[in-house]
Amino acid sequence: KPRVLSGMQPSADSLHLGNYLGALKPWVASQESQENFFFIPDLHALTSSFDPATLAQRTRTTAAQYIAGGISPEKTVLFVQSHVPEHAELMWVLSTQTGFGEASRMTQFKDKTAKGGTEAANVGLFTYPILMAADILLYQPDRVPVGDDQKQHVELTRDLAQRFNHRFGEVFKVPEPSIPVTGARIYDLQNPTSKMSKSAPSPAGRIDILDEDAVIAKRIKSAVTDAGSEIRFDREEKPGVSSLLDILSTVTGTPLPALEEQFAGKMYGHLKVAVAEAVVAEVGPVRERAKELLADPAEMDRILAQGRDRARATATETLDAVYSAVGLLRRG
Ligand code: ATP
Ligand code: MG
């Protein structure tokens with residue numbers, strides 16, 4: 001089985017329906033065919049604005065939602081980045097092998113500092129791609145699924161791995177970037193030509209999976225449609241209605257043409273009721289299971305400690321090989 005590493009930042013109180021249908025469900029489905037390492041990059045979260053009072057809870061909540069949605073802590077190695085000190089240790093060694101010019105060419109840093117300027121940026125944001133290289137190389141994965149915005153960072157990771165292997169001996173597997181397994185792309189209910197996003201200015205167009213049934217139903221009933229009355233899938237002419245049909249189709253597994261037939265002659269209100277029922281039926285049990293897990297933080301922490309131990313078994317092996325390759329005195 002190919003080994004695959006992936007992560008999800010603890011940057012919101014709840015996953016939204018896009019994260020759930022577009023990322024979590026396909027990830028759950030991949031557990032049989034891949035050896036999955038899934039981590040919560042809390043150290044990376046420190047590079048942008050964060051709230052120390054809620055960060056730990058968000059880390060737990062993120063993990064709980066993954067488990068509630070079907071990630072098995074047995075099949076997947078599920079862990080928190082800061083619990084595995086080897087990430088920061090390997091990052092140091094890799095940073096000594098990274099050119100300043102090379103690091104300065106990372107476009108995400110340039111984009112993120114375009115507004116405020118580099119003078120105000122923290123150095124952690126600048127070295128973020130090197131920590132990401134350490135995250136990856138520690139686990140010797142075959143593949144790293146990343147979106148376009150992270151491709152350049154995986155290229156840097158490959159360069160660093162190859163450079164290290166060439167200079168110090170074969171230690172790292174050079175990972176292939178791969179397109180993430182994705183499910184549906186879900187759109188904002190108030191702004192149905194933009195994707196649903198946790199960083200949208202208003203939560204009104206978002207379905208947070210930890211919200212109560214009534215809140216979810218209300219958001220769906222307030223979804224933007226159009227002045228017409230026909231229920232058919234047409235992204236250009238009818239983005240709101242199409243996006244509702246898409247959600248219903250993804251959640252129930254009913255093909256779009258069958259839904260168009262089912263709703264022929266019906267009103268938008270009928271469609272919204274059906275979408276609300278289907279979404280609540282799908283995510284309600286996930287929310288309840290997540291709540292149960294979060295009601296017992298000690299049990300959550302035990303699950304994460306188990307993941308940490310499994311992750312460290314691999315991470316320490318790689319770091320030992322690195323330290324010995326560069327000639328550091330064994331720590332015994
Ligand atoms: P941000 O706005 O901060 O980028 P986000 O809502 O896009 O947040 P991410 O943390 O960037 O969430 O993405 C986590 C995962 O969820 C990724 O795999 C991403 O592709 C997926 N995802 C995010 N939004 C959607 C969406 N609207 N539809 C489908 N998948 C999505
Ligand atoms: Mg995003």
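A residue is called buried if 20 or more other C-beta atoms lie within 10 Å of its own, exposed if 12 or fewer do, and partly exposed in between, with C-beta atoms placed from the backbone. Helices (H or I, at least four residues) and strands (E, at least two) are DSSP runs, numbered from the N terminus. This is a predicted model, in which local features need pLDDT of at least 70 and side-chain atom pairs count only at pLDDT 80 or more, while totals for chains, interfaces and linings use all residues. Residues are numbered from 1 along each chain as its sequence is written, and chains are lettered from A and ligands numbered from 1 in the order in which they are written.

**The strands**

Let's begin with strand 3 (residues 77-80). Val77 and Phe79 point one way from this strand, Leu78 and Val80 point the other way, and all are buried. Strand 3 runs parallel to strand 2, and four bridges join them. For strands to count as paired, DSSP must find at least two bridges between them. Strand 2 covers residues 35-40, and five of its six residues are buried. Strand 2 also pairs with strand 1 (residues 3-7), again in the parallel sense, over five bridges. Between strands 1 and 2 the chain passes through helix 1 (residues 17-29), making a right-handed β-α-β crossover. Right-handed here means that, with the strands pointing away from the viewer, the path from the first strand over the helix to the second runs clockwise.

| Residue | Stands opposite |
|---|---|
| Arg3 | Glu35 in strand 2 |
| Leu5 | Phe37 in strand 2 |
| Phe37 | Val77 in strand 3 |

**The core**

A nonpolar core is a set of buried Ala, Val, Leu, Ile, Met, Phe, Trp, Tyr and Cys residues joined through C-beta atoms within 7 Å. The largest one has 76 residues, and Ala133, Ala134 and Val279 have the most contacts inside it. Helix 12 (residues 268-295) gives this core its largest share, nine residues. At least three core residues come from each of domain 1 (3-183 + 297-326) and domain 2 (203-292), with bounds taken from an automatic or database domain assignment.

Met106 sits in the loop between helix 5 (100-104) and helix 6 (107-112). Met106 counts as buried because it has 20 C-beta neighbours inside 10 Å. Its C-alpha atom is 8.0 Å from that of Pro129, 23 residues apart along the chain.

Gln140 lies in the loop between helix 7 (123-137) and strand 4 (143-145). Its phi is near 50°, a positive value in a residue other than glycine.

Asp301 belongs to helix 13 (residues 297-326). Is Asp301 buried or partly exposed? Asp301 counts as partly exposed because it has 15 C-beta neighbours inside 10 Å.
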